[in-house]
Amino acid sequence: MQNKKAVFVCCGTGCLANGSGEIYNAFQKQIKKLGLDVEVIPKIKKTGCHGLCQKGPLVHITPQEITYIHVKATDVAEIVERSIIKDEVIDRLLYFDKQQKAKIQSKEDWTFEKKQYRIALRNCGKIANDSIDDYLEKDGYKALEKVLKTMTGQEVIAEIKESGLRGRGGGGFPTGIKWSLAAKAIGDTKYVICNGDEGDPGAFMDRSILEGDPHTVLEGMAICAYAIGAKRAFLYIRDEYGLAVKNMRQAIATAKERGFLGENILGTDFTFDAEVVRGGGAFVCGEETSLLHSIEGSTGEPSPKPPYPADKGLWGQPTIINNVETWANVPVIINKGADWFASIGSEKSKGTKVFALVGKINNTGLVEVPMGITLREIIFEIGGGIPQKRKFKAVQTGGPSGGCIPEDKLDLSVDFDSLIAEGSMMGSGGMIVIDDRTCMVEFARYYLQFLSEESCGKCVPCREGIKSMLAILDDICEGKGKPGDIELLAEIGAMVQANSLCGLGKTAPNPVLSNIKNFRDEFEAHINEKRCPAGVCKNLTKFYIDAQTCIGCGACLKSCPVEAISGEKKKAHILDEAKCITCGNCRDFCRVDAICVR
Amino acid sequence: MQIFINNKPYEANASEKILDVARRNGIEIPTLCHSEALPGLASCRLCMVEVKENGRTGQVAACTHPVAEGIEVNTESELIAHHRKTLLQLYYLMAPQSKRIKAMLSYYHVPAFDRLPADKDNKCILCGLCTKACSELGTNAISTLNRGTDKKVGTAFDEPAITCIGCGACASICPTEAIEMSEQDGKRTIWEKTFQLLRCSDCGEYFTTPEALAHVRQKLGERAGKIEELQLCEHCKTKKTATKLKDGLKLEEVFDSLAK
Amino acid sequence: MKEESQIAVETLEIAQKYRPEERFLLAILQDVQRYYNYLPKEAMETVAQYLDVPIVKVCAIATFYKAFSLKPKGKYIIKVCDGTACHIKGSVNLITEIKNILGIEPGETTADGLFSLETVNCVGACGLAPVAVIGEEYHGNLTPASLREILKKYQGGMENAK
């Protein structure tokens with residue numbers, strides 16, 4: 001049985017969107033159709049995210065450790081024939097690693113993987129997302145057993161404290177300290193909550209863990225419940241994550257069946273139950289007090305802190321709220337020990353962090369790296385650099401609460417404190433790479449637009465402050481900016497940061513202030529010269545074709561939706577500014593970068 | 001316990017917030033959404049003060065931040081005053097006609113702000129006092145609806161609320177005169193619903209609606225005696241209570257007698 | 001248009017799957033939303049009665065959370081992702097294209113009730129940016145031209161336009 005082959009088909013939402021569901025079905029069908037010998041029939045597993053979403057759908061085969069990329073349903077018959085029945089490798093489906101300049105057989109050996117260290121994502125892609133047995137094979141629920149049978153609640157809290165684990169949702173608060181506060185707090189019913197409201201656009205770390213390894217979250221929460229004296233847990237998962245909700249509900253049901261949830265767990269007197277609560281579609285519900293109100297059946301408007309949830313949380317009771325990724329780390333820390341965890345990462349930021357690396361980057365996907373690694377390593381080594389050899393401009397971290405880090409800061413160490421010192425923050429892990437085709441003014445405006453729709457509207461600084469800042473940015477992007485606007489944005493921004501009731505408002509000005517700090521010249525060009533250097537803001541952009549560079553290939557001509565470009569083959573083309581609608585299609589198609597911005 | 005405000009020591013109780021101590025001692029901190037009867041909204045953010053606590057300095061809302069032994073509060077630092085002006089400029093954009101906001105703009109010497117257009121016809125600052133009053137004192141006829149800049153106060157489906165009793169608690173607690181309540185010919189109109197008004201059994205002036213009186217009676221339960229005794233306007237009720245106190249009755253006895 | 005009392009009966013059936021506790025208000029409304037594709041007024045009133053919460057509170061919840069719609073949505077809901085990755089790859093152009101072809105802005109439904117347009121923040125398929133989800137189908141690497149073709153297929157009645 002040990003040499004029995006297994007096929008791991010990535011069925012995270014990303015690959016499913018790319019047709020991996022059909023691929024899974026195709027494997028099932030093909031195996032059945034061929035009527036293979038029982039010995040040869042492989043296990044076909046639907047897994048969570050394998051990591052390199054750019055190359056999906058991904059299929060991994062063991063024990064040979066072969067990873068195929070961009071798999072189509074039509075490839076399945078060949079894969080079964082050559083890699084399951086026989087032991088061949090299909091070269092054309094292998095990943096060509098640009099850095100190693102070769103085709104690599106297994107994802108473990110990709111440059112993409114080399115600097116990664118998977119703790120929170122350790123099981124994603126390696127276990128069937130609907131199998132508790134797969135989870136048990138990977139030391140699943142061993143940490144819970146160890147805790148229930150050999151440790152006191154205080155010992156568990158001490159272990160988490162010593163590990164140095166800090167919240168992975170963005171706040172970075174020391175997890176052990178939070179747990180100790182809840183343990184001490186007075187309340188007859190304590191609660192444990194998973195914040196699965198992952199709302200940052202471009203972030204899908206939590207989604208992948210919830211889809212691909214739901215039991216690790218449950219195990220982490222059970223351990224905390226034991227430590228603080230809680231019996232009930234709620235997993236608040238955003239409404240849009242249908243597959244995560246489904247997989248988590250199923251995990252809870254199977255965990256109960258096998259006695260890892262419910263009463264008298266593992267023969268002890270520990271009782272623990274969990275329930276999924278679907279979010280209603282509100283980014284602000286990622287804020288912990290808003291989240292609590294949402295679970296209670298109210299609108300997600302935050303409450304002043306203090307009191308903090310560890311003291312007075314859900315229905316006024318002591319409550320621990322932690323992020324999905326934080327929970328995923330807990331069982332491993334218990335199993336391998338605080339010292340082991342503390343040996344990874346940097347001095348004040350222990351362990352690893354999962355990032356969703358997206359945007360203008362060659363290797364889009366999920367990466368998990370030890371903290372202390374530099375941005376340069378993540379973007380250029382793991383991420384493979386910028387596509388089409390374009391120029392790196394900045395990397396956005398921390399989502400709508402963060403800021404842009406420019407090129408001269410690429411050797412910044414990625415950890416909680418360094419990023420804050422730079423005017424950004426780690427946030428939940430979204431890392432968006434942008435190139436010279438992104439306008440930093442419009443980018444700031446984009447985040448404010450998002451926040452203006454997501455603000456709960458309760459407090460004036462956030463509601464009206466964001467509205468005012470957005471109105472000014474709209475003006476600037478449309479060519480109506482006035483002298484003094486930059487100073488005004490900074491002034492309103494500073495007040496909103498200081499006076500807002502909750503984290504959403506307090507961090508809302510960050511993208512604007514960070515972009516003004518690092519790319520002030522772009523703002524000034526928009527305001528003083530009515531010009532958008534990146535060529536994005538339509539009213540402030542004029543394209544022209546550089547006659548010296550143009551090779552007359554005609555690609556731009558064909559792509560123009562308003563026929564604004566004319567020219568003969570092999571001769572420099574001409575762009576009619578009067579007809580041009582600055583959609584940018586031509587720039588996308590030009591292979592020699594001949595289309596420039598005035 | 002002892003706390004410090006603007007470098008002076010003051011006595012404080014453990015259950016108090018910074019604002020309670022300040023107000024008790026005549027220290028000025030502006031507020032719009034604060035009410036003694038309905039505290040804790042913390043939405044106007046005008047009461048921000050600087051606090052040094054456990055060695056760290058930060059800015060907090062005085063109305064909801066609890067006192068602790070030895071904390072040092074600064075109500076008029078340069079930063080607090082500066083942010084307050086910026087915030088008041090936003091209030092001006094929201095509700096330029098409000099008397100209270102105009103007074104604050106003048107008092108704090110807030111410079112004119114014309115970079116963005118002001119909402120000339122609006123008075124509501126969405127503080128939430130009216131909806132809280134309706135929820136705790138009234139019948140849940142109004143609530144905040146929508147989210148963010150679309151947020152507004154309104155009734156269910158924007159229709160005259162079935163449960164509205166016309167008590168006017170919302171209009172009286174509103175800090176910016178944003179709720180229209182009109183009275184004419186023995187009728188009161190509020191939130192697009194018209195009510196009859198009852199006359200005070202003592203002085204004969206119109207004062208409340210039958211629905212509001214019935215609501216009070218229902219809340220008092222057993223202690224609501226003959227309804228005529230309850231049918232006194234504010235003025236006459238105060239007069240009656242004061243008379244009884246003058247006659248040497250203790251306060252509980254006065255209340256009991258009023259309810260009989 | 002269903003009879004008012006029929007909506008009340010159907011809604012009560014949906015609500016009774018949960019105990020009449022205030023904390024289930026969101027969950028019940030989500031089930032009702034899924035059933036009718038919006039929240040009919042009569043359904044909201046039924047839920048308010050079942051849970052013994054003020055009707056205006058149900059309205060507050062229904063207008064606060066984006067999961068709910070007070071107006072019927074189209075047969076096919078087009079969700080154009082405006083997450084950061086999709087935004088920088090031109091999701092705005094897709095929205096403009098839909099406005100040109102179907103004449104609706106985000107939040108609106110076509111007169112024939114066939115399409116509703118929404119912008120959503122990150123559907124988690126960033127590797128395929130820009131992405132639009134129509135019904136349950138994901139469509140990636142979109143351009144205004146390819147989107148136009150896909151919409152034609154839906155208009156022609158094909159559920160699976162891949």
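# A tour of three chains

The count between chain C and chain A is 1 salt bridge, a term for a side-chain nitrogen of Lys or Arg within 4 Å of a carboxyl oxygen of Asp or Glu. Residues are numbered from 1 along each chain as its sequence is written, while chains are lettered from A and ligands numbered from 1 in the order in which they are written. The model is predicted, and local features need pLDDT of at least 70, side-chain atom pairs count only at pLDDT 80 or more, and totals for chains, interfaces and linings use all residues; side-chain values use heavy atoms, with hydrogens and water left out.

**Stop 1: where chain C meets chain A**

Select Arg23(C) and Glu275(A), whose side chains meet in a salt bridge (3.0 Å, N to O).

Next, colour helix H2 (25-36), H4 and helix H5 (84-88) of chain C, each of which supplies at least two residues of the side of chain C that touches chain A. Helices (H or I, at least four residues) and strands (E, at least two) are DSSP runs, numbered from the N terminus. By class, this side of chain C has 16 nonpolar, 8 polar and 8 charged residues. Here Ala, Val, Leu, Ile, Met, Phe, Trp, Tyr, Cys and Pro count as nonpolar, Asp, Glu, Lys and Arg as charged, and the others, Gly among them, as polar.

In total, 32 residues of chain C are in contact with 48 residues of chain A, where contact means heavy atoms within 4.5 Å. The two chains bury about 3000 Å² between them, 56% of it on carbon and sulfur atoms. Buried area is the accessible area (1.4 Å probe) that two parts lose on being put together, summed over both.

**Stop 2: helix H12 of chain A**

Select residues 288-295 of chain A, which form helix H12. How many of its residues are buried? The number is 7 of 8, with buried meaning under 20% relative accessible area, exposed over 50%, and partly exposed in between (1.4 Å probe, protein chains only). Among the buried residues are Glu288(A), Leu291(A), Leu292(A) and Ile295(A).

Now display what covers them: the cover includes helix H8 (175-184), strand E7 (190-196), strand E8 (230-237), strand E9 (273-278) and strand E10 (319-323) of chain A, together with H2 of chain C. Just after H12(A), find Gly297(A), which takes a positive phi of about 100°.

**Stop 3: Lys73 and the rest of chain C**

Move to Lys73(C), in the loop between helix H4 (55-64) and strand E1 (76-81) of chain C. The side chain of Lys73(C) makes a polar contact with that of Glu118(C) (2.8 Å). Not counting residues up to four places away in sequence, Lys73(C) touches Gln33(C), Asn37(C), Thr109(C), Ser116(C) and Glu118(C).

Then show the whole of chain C, which has 7 helices and 4 strands in the order α-α-α-α-β-α-α-β-β-β-α along the sequence. Its C-alpha trace spans about 50 × 30 × 25 Å along its principal axes. Of the 162 residues in chain C, 56% are buried.

**Stop 4: where chain A meets chain B**

Turn to chain B, of which 30 residues are in contact with 35 residues of chain A. The area buried between these chains is about 2600 Å², and carbon and sulfur atoms give 59% of that area. There are 4 salt bridges between chain A and chain B; one of them joins the side chains of Arg115(B) and Asp485(A) (2.7 Å, N to O).

Colour helix H17 (440-454), helix H18 (460-477) and helix H19 (485-499) of chain A, the elements that give two or more residues to the side that touches chain B. H18(A) gives the most, with 10 residues. By class, this side of chain A has 15 nonpolar, 8 polar and 12 charged residues.

**Stop 5: cysteines of chain B**

The structure holds 0 disulfides over all chains, a disulfide being a pair of cysteine sulfur atoms within 2.5 Å. Cys130(B) is buried, at 9% relative accessibility. Finally, select Cys164(B), whose sulfur is 6.8 Å from the closest cysteine sulfur, in Cys134(B), again too far for a bond. Cys164(B) also counts as buried, at 11% relative accessibility.

Definitions and conventions: Polar contact = N/O pair within 3.5 Å; in protein donor to acceptor, adjacent residues only side chain to side chain.
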